[in-house]
Amino acid sequence: MKKIFKVNQNIKKKLVNTLELPKEIIFNLPLITMVGNEEINIENYKGVIEYSPEKIRINTACGVLKINGEKLSFKQITAENIIVTGVIQTLEYLS
Amino acid sequence: MLLNINNFCKGYVLLEVTGFSTERFINLASYNNIYLWDIKKNKNGVVLKVSIKGFKLLKKYARKTGCKIKILKKSGLPFKIYKYKKRKIFALGMILLICLLYFFSSFIWKIDIYGNKKIKSSEILNFCEQKKIKAGTLKHKINIKKLERELLENFSDISWINIKIKGSKMIMNIKEIIPAEKIINKKEPCDIVAKKDGLILNIITSAGTPKVKINDVVKKGDILVSGEILIENNNSESNEPSFDYVHADAKVIAKTYYQINFKIPYEYVLKKYTGKTQKNYSVAINNKKINLLSRVKFKAYDKITRQKNFGFIKLFINEYREFIPIKKIRSISDAKKFANKIINNRIIREFDFETDIFDKQINFIDKKKYLDVQSIITALERIDKKIKLQK
């Protein structure tokens, strides 16, 4: 059963690559847009794990996204996207 | 910016969320489609903004996650409206103000006329009043195109007119016709005749044959200079004279006489003003006059009326000045001085600007009750007048 799923995933990947379909929709991956180091827009997130002005951790489909910076705050939170503003220093995925 | 205005209109609440897992609370809220914005960390917990609608739902999730919610500030239009809901008179006043503003701005309050030089403004206003357009008529009753047409038809001196209504003001822009100058046809033969009776003093002829000499007495209508010229033909054998007709031109100055006769009674009334004044007002609405305070205390008075217009309401201010009439008798020398003054005034008023006064002869005849004044004024003036020559 697991094998079939893996094969399935492989076929899906190849299909997406050849047809050039948007990956974030097919694989439910986060789409991250950044404006300089001031604003970051994360679509397709799963939830907020931790919030402090220096560190934010957000759960996504491909692991936890960690944002380090200063004076971080959420400008907007909806079911679809989340906008973080402040001085962003690093972005990293913790898997 | 647009989002801010939208939020302000719908109203929002500034909340402080404290508790162990504020992140879980935020997750839960966003998962259930509650829009949160401007989330910031505070000393105690998290400060966030949420719409009024969302706030009602949030209570449930706060209880679930064990967070405490505290309202820091309520802002937006719905809260402002709630605040003023109790002030009914204030709201009524606002509505009344808007209604009155609308009501009074639907009238014409002033008519301004620009660009008229020959036509008097009052004439145009009178004409408009006949057409029932004046200060105080409703705006939508006025047919501008029709009024323009009527004015153009009625006043021949208007070449172009534009009427517009700006607020409560009616502005008329007028362009008048520039009259064409009378062209004197110098080729047309004409005579010069006398305008008035007089004694010729000086005659300067530039064209034509003079028919009068200096010191001749002429009457009104006499030919002074004729346009007929006799041409002496020495070469021709026949002695018949031939004539040529020209446009006569001459400057004729003559002595003219005027009589001014009047009487001055010795007895007259002098007004001695006491300095006491009284004012009273009357109001006229649609030409119906209402006196507000009508009794006048004085026996003899001068009445001075001033009028002020406020749309269709007219206010009359009457001022009464009391005087005591005193009967006085003039001496003969005073009467003579007075007569001289009257004559001088009449000369200034009645005589032409170019006329010179040559001599004044004044005879005084002393009657018992009055002084009879008989004067003869001798003036020097031009008496030439062109008249078309008839062949």
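The model is predicted: local features need pLDDT of at least 70, side-chain atom pairs count only at pLDDT 80 or more, and totals for chains, interfaces and linings use all residues. Residues are numbered from 1 along each chain as its sequence is written, while chains are lettered from A and ligands numbered from 1 in the order in which they are written.

At the interface, 14 residues of chain A are in contact with 13 residues of chain B (contact: C-beta atoms, placed from the backbone, within 7 Å). On the side of chain A that touches chain B, strand 3 (47–51) and strand 5 (63–77) of chain A each supply at least two residues; strands (E, at least two residues) and helices (H or I, at least four) are DSSP runs numbered from the N terminus. That side of chain A comprises seven nonpolar, five polar and two charged residues, where Ala, Val, Leu, Ile, Met, Phe, Trp, Tyr, Cys and Pro count as nonpolar, Asp, Glu, Lys and Arg as charged, and the others, Gly among them, as polar. Strand 5 of chain A runs antiparallel to strand 2 (residues 36–41) of chain B and is joined to it by three bridges; pairing requires at least two DSSP bridges between the strands. Opposite A:Ile77 stands B:Leu36 of strand 2 of chain B.

Helix 3 (residues 52–65) of chain B has 14 residues and spans 20 Å from first to last C-alpha, close to the expected 20 Å (1.5 Å times one less than the number of residues). A bend of about 30 degrees occurs in helix 3 of chain B at B:Leu58, taken as the angle between axes fitted to the seven residues ending there and the seven starting there. Just after this helix, B:Gly66 has a positive phi of about 75 degrees.

The axes of helix 2 (residues 22–31) and helix 3 of chain B come within 10 Å and cross at roughly 140 degrees; axes are lines fitted to C-alpha atoms, for helices over the stretch in contact, with angles from 0 to 180 degrees between N-to-C directions. Residues making the contact include B:Phe25 and B:Leu28 of helix 2 of chain B and B:Leu58 and B:Tyr61 of helix 3 of chain B. The contact residues divide into six nonpolar, one polar and two charged.

Chain B also contains an open, antiparallel sheet of four strands in the order 17-16-19-18. Its edge strands are strand 17 (288–291) and strand 18 (301–310) of chain B. The twist averages 30 degrees from one strand to the next. Four bridges pair strand 16 (residues 267–285) of chain B with strand 17 of chain B, with B:Lys289 as the bridge partner of B:Ala284.

Note on methods: Two residues are in contact if their C-beta atoms, placed from the backbone, lie within 7 Å.
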